[in-house]
Amino acid sequence: MDIGQEGIHFPEEILMDILSRLPVRSLQRFKCVSPSWNALISARYFVMKHLSRSKSDLNSQKLLTIRRPTITKLEFTRYSFSSSSVQVIEDEQSLYWPPNCRPAWIIRCCYDGLVLISTIDTSDQRTNAPHLLLWNPSTRESILLPSRENALSDLVFGLGYDATSDDYKILAADVNGEDSLKEVSVEIFPLKTGSWRKIGKYPTGMHRVSDHLNYGMYSLTFIHGAFHWVGRSAYHTIISFNISNEVYGEIPLL
């Protein structure tokens with residue numbers, strides 16, 4: 001610790017350790033303290049350190065539920081829960097829609113505090129064209145993702161983090177449908193590229209299931225760097241997709 005004419009100065013590693021224990025809302029305000037604080041709090045290594053500490057703290061776990069939508073915003077209730085109790089930590093959390101968007105009521109998936117939400121673009125030439133909005137409730141920042149040609153109703157989404165490329169990625173798979181023999185389409189959206197890309201070479205002989213909700217597939221499960229969902233051939237199986245090397249795998253359900 002140094003004491004100079006401008007005040008007390010802590011070594012960066014000590015300052016980073018102190019700041020990494022604070023809520024995101026406080027950190028957003030502390031960016032205004034000085035250019036050096038802004039640079040430190042905005043640095044990628046600090047963001048990951050703060051996220052890692054939050055994920056390991058069982059008392060920092062949050063539950064987000066839709067409260068009510070309006071034309072201009074979507075309102076949520078946030079709960080904090082631990083092994084012993086559940087309590088409302090913020091009675092109302094609002095997400096204001098971008099211009100020409102209105103809510104579609106659906107939370108598609110979430111990961112590391114990021115939430116993927118369906119919206120409807122009222123300015124699109126197609127009637128009620130569906131879009132996706134990625135939202136960070138802690139910072140209240142959001143981005144509207146590029147539109148896709150396929151309807152969202154038949155798709156199941158997953159959101160995960162690729163440690164190899166240091167990037168969050170969204171996977172969209174049409175694993176649901178009455179036509180179980182139709183080719184399964186899978187697309188990936190890396191946030192760094194900002195565009196959808198189709199993934200080929202779906203496992204040979206593997207088909208979609210007739211009703212994904214009966215299998216609990218409200219979203220794609222992300223574990224150990226791969227998305228997982230239920231598929232069917234002569235038997236049901238778990239299909240995996242690694243987001244780093246983009247390789248499929250199969251786990252038979254015996």
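Strand β10 (residues 156–162) pairs with β11 in the antiparallel sense, and seven bridges link the two strands. The model is predicted. Its chain holds four helices and 17 strands, and buried residues account for 39% of its 254 residues. Of the contacts between residues at least 6 apart in sequence, 41% join residues at least 24 apart.

- Seven of the seven residues of β11 (residues 167–173) are buried, so the strand is largely enclosed by the rest of the structure.
- In a regular strand, side chains alternate between the two faces of the sheet.
- In β11, Asp167, Lys169, Leu171 and Ala173 point one way, while Tyr168, Ile170 and Ala172 point the other way; all are buried.
- The burial of β11 thus includes the charged residues Asp167 and Lys169.

- Asp166 is a residue other than glycine and lies in the loop between β10 and β11.
- With a relative accessible area of 26%, Asp166 is partly exposed, because that class lies between the limits of 20% and 50%.
- Asp112 likewise is not a glycine and has a positive phi of about 50°.
- The position of Asp112 is in the loop between β6 (101–111) and β7 (114–121).

**The open sheet β14-β15-β16-β17**

- Four strands make up an open sheet with antiparallel pairing, in the order β14-β15-β16-β17.
- β14 (221–223) and β17 (248–252) stand at the edges with a single partner strand each, so one side of each has no neighbour in the sheet.
- From one strand to the next, the twist averages 35°.
- β14 and β15 run antiparallel and are joined by three bridges.
- Within this pairing, Ile223 stands opposite Ala226 of β15.

**His228 in β15**

- His228 belongs to strand β15 (residues 226–232).
- The His228 side chain reaches the backbone oxygen of Ala226 at 3.2 Å.
- Apart from neighbours within four places in sequence, His228 is in contact with Leu220, Thr221, Ile223, Ile238, Ile239 and Ser240.
- Ile223, one of these contacts of His228, is also the residue that stands opposite Ala226.

**Packing of α1 against α3**

- The axes of helix α1 (residues 12–19) and helix α3 (residues 35–42) come within 11 Å and cross at roughly 65°.
- The crossing of these two helices is right-handed.
- Glu12, Leu15, Met16 and Leu19 make the contact from α1, and Trp37, Leu40 and Ile41 make it from α3.
- By class, six residues in this contact are nonpolar, one is charged and none is polar.

Definitions and conventions
Residues numbered from 1 in each chain as written. Predicted model: local features only at pLDDT ≥ 70, side-chain atom pairs only at ≥ 80, totals over all residues. Heavy atoms only, no water. Axes fitted to C-alpha atoms, helices over the stretch in contact; angles between N-to-C directions. Left-handed = near helix turned anticlockwise from the far one by under 90°. Contact = heavy atoms within 4.5 Å. Buried < 20%, exposed > 50% of the residue type's maximum accessible area, 1.4 Å probe, protein only. Pairing = 2+ DSSP bridges. Polar contact = N/O pair within 3.5 Å; in protein donor to acceptor, adjacent residues only side chain to side chain.
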